[in-house]
Amino acid sequence: MAEPVIRVRDLHMQFAGRRGLVDSVRRRPAQPIRAVDGVSFSLHQGEVLGLVGESGSGKTTTGTLLLGLLRPTGGDVEISGKSLERMSAADLRRLRREVQMIFQDPYESLNPRMRVADIVAEPLRVHGAVPRGAQERERVAEALEQAGLAPAGAYLGRLPFELSGGQRQRVVIAAALALRPRVLVADEPVSMLDVSIRADILNLLADLAETQGIAIVMITHDLSTVAAYAQRIAVMYLGRIVEIGPTADVLGSPRHPYTQALLSVVPVPDPTQQQVPVILTGETPDPSAIPSGCRFHPRCPQAFDRCPLVDPPLYTVGPQHGAACLLVESSAHYEAGDDEHDAADAHRSP
Amino acid sequence: MTAATHVAPPEVVAPLAVPLHPARAFFRQRLGLVGAAMLGFAFFVAIAAPLLAPYDPYASVRPTILDIYQPPSAEHLLGTDDGGKDVLSSLMYGARVSLLVGFTAAFIALLIGASVGLVAGYVAGRVGGALMRVTDFFLVIPDLALMIVIVAIVGPSLTNIILVIGVLGWTSTARLVRSQTLSVKERKFVFRARAVGASGLHIMRRHILPLVLPLMLANTVLVISVAVLEESTLAFIGLGDPTVISWGQMLNFAFTRGAVSAGAWWALLPPGLAIVWVVLGTTLVGTALEEALNPRLRRHHLEAEPRLHLLEELRGGEPLPEPPSLAPQPAEGSPPVLRVSGLTISYDSAGGPLRAVDNVSFDLHRGETLGLVGESGCGKTTTALALLRLLPPGGTIERGQVVLDGVDILALPQNELRAVRWTRMSIVFQGAMNALNPVKTVASQVAEAIRLHEPEVGRRGADDRARQLLERVGISARRANHHPHTYSGGMRQRAMIALALACRPDVIIADEPTTALDVMIQAQILELLADLGREFGMGTIIVTHDLGVIAQVCDRVAVMYGGSLVEEAGVQQLFADPQHPYTRLLLSSVPDVGHPDRRLRAIPGTPPRLEQMPAGCQFAPRCPLVFERCWTERPPAYNLDRRRAACFLVEPQARATDG
């Protein structure tokens, strides 16, 4: 297999926590918020990876780290084999062209006073990628048409309010494509759109991955959105990937109890198939107070005596399929040192 | 100063997608036009003073006693002043100084205020904080006193006066620009620009300044009026530039040189009125500009502001009057608890009323959960709100009936309507999670609602019932005695449901009840709603865009498109055998986690806008099965076997069913 476009190794991101009044008075130190707490994965050209989790799982922070907008507090992101950590500011700027982001809310992510032509040209201008004039116009038109807004001429002079939600999201995508990136980080790209047009945007992203070889990290809380589009799915819980693997395996035979719970609550659009949702008890996950041992154990319906004690590594449970749960430990066999093996790649010693 | 932090009104449907051009919006403000005319006149006089003025007030004359304080005459229209000079001419020349000082000082204030505000707003942390402290310092020191001191020290030349007024007058602009910058900075498109790799300078210049500029200019117009006043004040107390004539100076001379004792009102009144004229003109223009330029941008309904006013309206406050006596209901197989027929709603717009809901009819039985599904702008939320007559301003129910247990809600007088709302029919919003009273415990709020409705249960009884109800929605007795801010989003939504159930309503409406919640909680809330509906024998309406939700919790489904109900059927029927082409396409666009191999199909085109609603079938422009008749005629809802569909293609089938 070829060298991955993105390789993330043991990524950590801590934010300074906030202290309440009582804590300040009693001089208790603030609990740091461990938003990302040891995430590893890699992504190949043309691959779509679904990064799934609840709010507070660290999925969006992970996306932001891939863009180099934040400096991780630990671990490393490699893009095209180059490490972000050791990069100078100038190199980082150049590298930013390679990773672009698509946002959740197409109504908010476009400046209401800017015309489509300027919105799409902005990244080119910021990076001085092409001289202004004919060359820039060509690139803008190319990006718009790749994003499915053809003929581009019909859209160049428009203001965002003149466009529908789907068209706006396409403008956001066109702006991201203008720099011809190798990676797109799509943060909930369709959750604000109408059901009837979601498929259009998702199909467009899948096509971009297929035909242009762009690698896509699709961040979402909705497993059903990525089911048909991602080759692989990574499920995050409290800053860690708890299960990762090929979509069919993760959805078909989920090994982590959290994945199973998550899957059980996705509303199935079929009234004949009544679901039995696995209801998780306990407090909602709080990244400033990550439980000991397995971070999921207080809510896990299958937790046993060892779970509060041992932080499970990602065990290999199938080809490219890993789950961080002590229940799979016995059936697991991981091949440490195999770089191309994602599950092993993500393994950390407990 | 009037910091323009308007709260955008909650938007259910945006009937006007196209915001007015700022210039047109400005001209719609009559008072603004009046102000502009007043200022324009002042400017004209100031510029044309040498041509218009009958005398040159700067020419040195030797007045005789007979020239001083002469009343208005044909020769001197506004009389003469203490030096025997023509008041009208002085007034005209005075306009030059007053306006010059006003505008240049305001310009200086704008430059300083805008730079400080932008930087303080954009650069957080120490620099921004320090700049704001400086601003606060300038804000609290008394401008006028400091001005007097400084002018007294540096000398009252015109330049000094302009500089002093400008340098001391920037704080209001700085504060406004800072707060605007802070809010614009948080917007997604600024983050997007940062993600692209744009520098701070680029973001300030390209994204923040253009959005802040209009309000900044509007504010500057108001600063002008302050500057004009301040110049007049300085001049009036004798700190004006003695070499020039300004209105304040005229007042000063008139007062100090015996105009009052001479009864020479003509030397006092005109400069005073001139100051009022300019200040009033600028204030009117400034206010109108602020109104016109304040960008009220269209937002998506999924992130609409919490509909707080609706909730306030719902809860009223005073004890409720007796609910109207409604006939008791026999059980099962009975008439519906809620019958909606021919409901037609329109919204006002600049181009006339726009129809948002067109002839919608459906029944709801006790214990039944009806899903109202459709894309944004299809009228589902408008329909739901109209059931309680809670339409936002501009919305009108044109026709139709909403009959709750034999009583037409739309015909009820206001006081009886209030009794029906909340007690017989209540609503749970997606955004109203923050609508719980923050200073009362959740349990006491629920108990209060119970006692409002049924005073006879007493305090103890209400408390007990509140506790039971909260337990039923999954809030333990311990947690029930906590305040709402300690609750998570899901808990708050549970509390809202308990509140809505407090009066044992017959019908409960849930508008996108889980949209803002986390996935793990969504399923629980929906199950809870459906269970409670059956348990309490309520009719439940769930408004949603999520067909997965519909499939899992609803008994019947009403599909809306372009303001019409296009199909209604039992949930199994609808998913197994959709009749309307729209329903069919909608179903094929829904992702199913159980079939990851199936690629989704989107419906080509976009939903129609209210102002461009097709004359025939609303779905015709997107329908793959469209034929001629669809373009000219709107299909009625044909009755089929225990279901309805509004499509000409089912007409033959409907005839067969009828016969």
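Begin by selecting chains A and B together, where 59 residues of chain A are in contact with 58 residues of chain B, two residues being in contact if their C-beta atoms, placed from the backbone, lie within 7 Å. The model is a predicted one, in which local features need pLDDT of at least 70 and side-chain atom pairs count only at pLDDT 80 or more, whereas totals for chains, interfaces and linings use all residues. Residues are numbered from 1 along each chain as its sequence is written, and chains are lettered from A and ligands numbered from 1 in the order in which they are written.

Stay with the side of chain A that touches chain B, to which α3 (89–96), α4 (116–127), α7 (165–177), α8 (195–212), α9 (223–227), α10 (247–252) and α11 (257–264) of chain A each supply at least two residues; helices (H or I, at least four residues) and strands (E, at least two) are DSSP runs, numbered from the N terminus. The largest share of that side, 8 residues, comes from α8(A). Coloured by class, the residues of the side of chain A that touches chain B divide into 31 nonpolar, 16 polar and 12 charged, where Ala, Val, Leu, Ile, Met, Phe, Trp, Tyr, Cys and Pro count as nonpolar, Asp, Glu, Lys and Arg as charged, and the others, Gly among them, as polar.

Two places show contacts across the chains. Select B:Arg192 in helix α8 (residues 188–196) of chain B, which touches A:Phe103 and A:Ser109, not counting residues up to four places away in sequence. B:Arg192 counts as buried because it has 25 C-beta neighbours inside 10 Å; a residue is buried if 20 or more other C-beta atoms lie within 10 Å of its own, exposed if 12 or fewer, and partly exposed in between, with C-beta atoms placed from the backbone. Then select helix α22 (residues 581–588) of chain B, in which B:Pro581, B:Tyr582, B:Thr583 and B:Leu586 are buried. The buried residues of α22(B) pack against α8 of chain A, together with α20 (547–553), β9 (556–561), β10 (564–570) and α21 (571–576) of chain B.

Next, colour chain B by domain: domain 1 (22–53 + 83–296), domain 2 (332–401 + 509–658) and domain 3 (425–502), with bounds that come from an automatic or database domain assignment. The C-alpha centres of domain 2 of chain B and domain 3 of chain B lie 30 Å apart, and 17 residues of domain 2 of chain B are in contact with 14 residues of domain 3 of chain B. On the domain 2 side of this contact, β7 (507–511) and α19 (519–536) of chain B each supply at least two residues, and α19(B) gives the largest share, 6 residues. In the loop between β7 and α19 of chain B, select B:Glu512, whose phi is near 45 degrees, a positive value in a residue other than glycine. B:Glu512 counts as buried, because it has 22 C-beta neighbours inside 10 Å.

Now show helix α3 (residues 87–122) of chain B with α9(B), which pack at an angle of about 145 degrees with their axes 7 Å apart; axes are lines fitted to C-alpha atoms, for helices over the stretch in contact, and angles run from 0 to 180 degrees between N-to-C directions. By class, the contact of α3(B) with α9(B) has 16 nonpolar, 5 polar and 1 charged residues.

Around B:Ala498, not counting residues up to four places away in sequence, are its contacts B:Val446, B:Leu469, B:Leu470, B:Val473 and B:Ile475.

Finish in chain A with A:Val99, in strand β6 (residues 99–102) of chain A. A:Val99 and A:Val185 are 86 residues apart in sequence and 7.2 Å apart in space, C-alpha to C-alpha. Two backbone details remain: the peptide bond from A:Ala150 to A:Pro151 is cis, with omega near -5 degrees, and A:Arg180, in the loop between α7 and β7 (183–187) of chain A, has a positive phi of about 50 degrees although it is not a glycine.
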